[in-house]
Amino acid sequence: FSGANAQTFSRTAGTFSSHVKIDKTADVVSLLNAMTVTSGRSFTIMNGALSLNGQNWTMTGATFSNDGAVQLQGNETITSLTQDTNSGTWEYKGRDIAENLTIKDFGATDYFNLLINDQNVNKAVFQISNDLKAAGALTVSNGTLAQSASNHITVSGNVTLANDSFQKSTATGELRLQGDLNLQSGNNNLGHLVIGASPDAITLT
């Protein structure tokens, strides 16, 4: 998939048995059906974005590389994907329903960059069910990120929070900063805040 225009990707039955590459100068490739990539194949996002568009994605035995972005509503089922944690962005966009959606858990390190960007009228609350770790940046620009009672959020890069976009833990869960913190405006109660684990100075703004 290439070029600067929006494209769609569909398969009505069976699995996708070819290597898949997205290398776009602009816009996204949107799934129209659930997608299963055959074991031994690869799915590579070099530039541009893949939109799951509410469709499920199975990657059992397939390899995944992301230098672009994956966009999802948050209600999709993602099966057996081995996350690329050294590059790329995952963007949660909601589906115009005021609801609770769970951030996907991919293991010890869950994401490189994680972006919460629900620009719908009816916004979701994106909640964690396990410890969340981002090896890059965490940005909440639209919508709300909710921390569970006892799970920690660890971010190696910078954290940017829009006004009133973070719901703190109600118990022992910590927000662990290893980069800078930018509170864009208004109110955010961060709860238990741990600063450190980086040789650089941390800027709070």
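Residues are numbered from 1 along each chain as its sequence is written, and side-chain values use heavy atoms, with hydrogens and water left out. In this predicted model, local features need pLDDT of at least 70 and side-chain atom pairs count only at pLDDT 80 or more, whereas totals for chains, interfaces and linings use all residues.

View 1. Strand S12 covers residues 113-117 (strands are DSSP runs of E, at least two residues, numbered from the N terminus). Four of its five residues are buried, so S12 is largely enclosed by the rest of the structure; buried means under 20% relative accessible area with a 1.4 Å probe, protein chains only. Strand S10 (residues 89-92) runs parallel to S12 and is joined to it by four bridges (two strands pair if DSSP finds at least two bridges between them). Thr89 has Asn113 of S12 as its bridge partner. S12 also pairs in the parallel sense with strand S15 (residues 138-142), over four bridges, and here Leu114 has Leu138 of S15 as its bridge partner.

**View 2. The open sheet S14-S17-S20-S22.** Four strands form this open sheet in the order S14-S17-S20-S22, with parallel pairing. Strands S14 (132-134) and S22 (192-195) stand at the edges with a single partner strand each, so one side of each is left without a neighbour in the sheet. From one strand to the next, the twist averages 10 degrees (axes are lines fitted to C-alpha atoms, and angles run from 0 to 180 degrees between N-to-C directions). Strand S17 (residues 153-155) pairs with S20 over three bridges in the parallel sense, and Ile153 stands opposite Leu175 in S20.

**View 3. The loop residue Thr172.** Thr172 is found in the loop between strand S19 (166-167) and strand S20 (174-177). The residue is exposed, with a relative accessible area of 51% (exposed means over 50%). Leaving aside neighbours within four places in sequence, Thr172 is in contact with Ala149, Ser150, His152 and His192; contact means heavy atoms within 4.5 Å.

**View 4. The second largest cavity.** The structure holds two cavities of 30 Å³ or more (a cavity is a set of points on a 1 Å grid where a 1.4 Å probe fits but cannot get out). The second largest cavity has a volume of about 40 Å³, a volume being the space filled by probe spheres set on the points. Its lining residues, which have an atom within 4 Å of a point, include Ile103, Asp110 and Leu132. The lining divides into three nonpolar, two polar and four charged residues; Asp, Glu, Lys and Arg count as charged, Ala, Val, Leu, Ile, Met, Phe, Trp, Tyr, Cys and Pro as nonpolar, and the others as polar.

Technical notes: 1 Å grid on protein atoms, 1.4 Å probe; cavity = no way out; pocket = protein on both sides within 12 Å on 5 of 7 lines; lining within 4 Å.
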